[in-house]
Amino acid sequence: MFGHHRPTWVLRCGQRLGRSLLCRLMTTPPTQPGYPQGVSDKSKVVAGVLGILLGGLGAGRFYTGHTKIAVLQLVVSLCTLGAGALWGLIDGILILVNGGTDAQGRPLRD
């Protein structure tokens with residue numbers, strides 16, 4: 001019957017069009033080549049150095065994808081006339097010493 005067939009563009013992921021671009025965008029992102037699954041493609045050294053040098057601007061947190069924390073670091077630094085940059089400095093040192101995570105919760109690579 002006419003009403004019982006679904007158009008091919010309505011098929012769900014895993015059916016005939018399972019490799020379509022839309023299906024890939026709706027699923028989990030692919031792993032980064034060259035890195036084990038579960039490890040970020042972001043470097044803890046880069047994040048730590050950015051935090052130490054440009055921590056008042058939230059650069060280390062912007063780099064790791066923690067946008068809300070980065071904006072908060074920037075606002076605190078502006079409201080305290082630069083004294084809030086101490087937060088970024090300490091944050092950068094802690095990332096270098098203890099490591100950190102990216103916005104997806106994956107540990108930063110060494």
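Trainee: What should I keep in mind about the numbering and the model?

Mentor: Residues are numbered from 1 along each chain as its sequence is written, and side-chain values use heavy atoms, with hydrogens and water left out. The model is predicted, so local features need pLDDT of at least 70 and side-chain atom pairs count only at pLDDT 80 or more, whereas totals for chains, interfaces and linings use all residues.

Trainee: What makes the pattern of the chain α-α-α-α-α?

Mentor: Helices are DSSP runs of H or I with at least four residues, strands are runs of E with at least two, and both are numbered from the N terminus. The chain has five helices and zero strands, and reading along the sequence gives α-α-α-α-α.

Trainee: Why is Thr64 called buried?

Mentor: Buried means under 20% relative accessible area, exposed means over 50%, and partly exposed lies in between, with a 1.4 Å probe and protein chains only. Thr64, which lies in helix 3, has 3% relative accessibility and therefore counts as buried. In the chain, buried residues make up 25% of the 110 residues.

Trainee: Why is Gly65 called partly exposed?

Mentor: Gly65, in the loop between helix 3 (59–64) and helix 4 (67–79), has a relative accessible area of 33%, so it is partly exposed.

Trainee: Which residues is Thr64 in contact with, leaving aside its neighbours within four places in sequence?

Mentor: Contact means heavy atoms within 4.5 Å, and on that basis Thr64 is in contact with Ala47, Thr101, Asp102, Ala103 and Leu108. The side chain of Thr64 also reaches the backbone oxygen of Arg61, at 3.2 Å.

Trainee: How do you know that helix 5 is close to its expected span?

Mentor: The expected span is 1.5 Å times one less than the number of residues. Helix 5 (residues 85–98) has 14 residues and reaches 20 Å from its first C-alpha to its last, close to the 20 Å expected.

Trainee: Why are the buried residues of helix 5 said to lie on the same side?

Mentor: Those residues are Gly88, Asp91, Gly92 and Ile95. They cover an arc of only 100 degrees around the axis, which puts them on the same side of helix 5; the arc is that of the directions from the helix axis to the C-beta atoms. These buried residues pack against helix 2 (44–54), helix 3 and helix 4, while the face turned away from the buried side carries the exposed residues Val97 and Asn98.

Definitions and conventions:
Polar contact = N/O pair within 3.5 Å; in protein donor to acceptor, adjacent residues only side chain to side chain.
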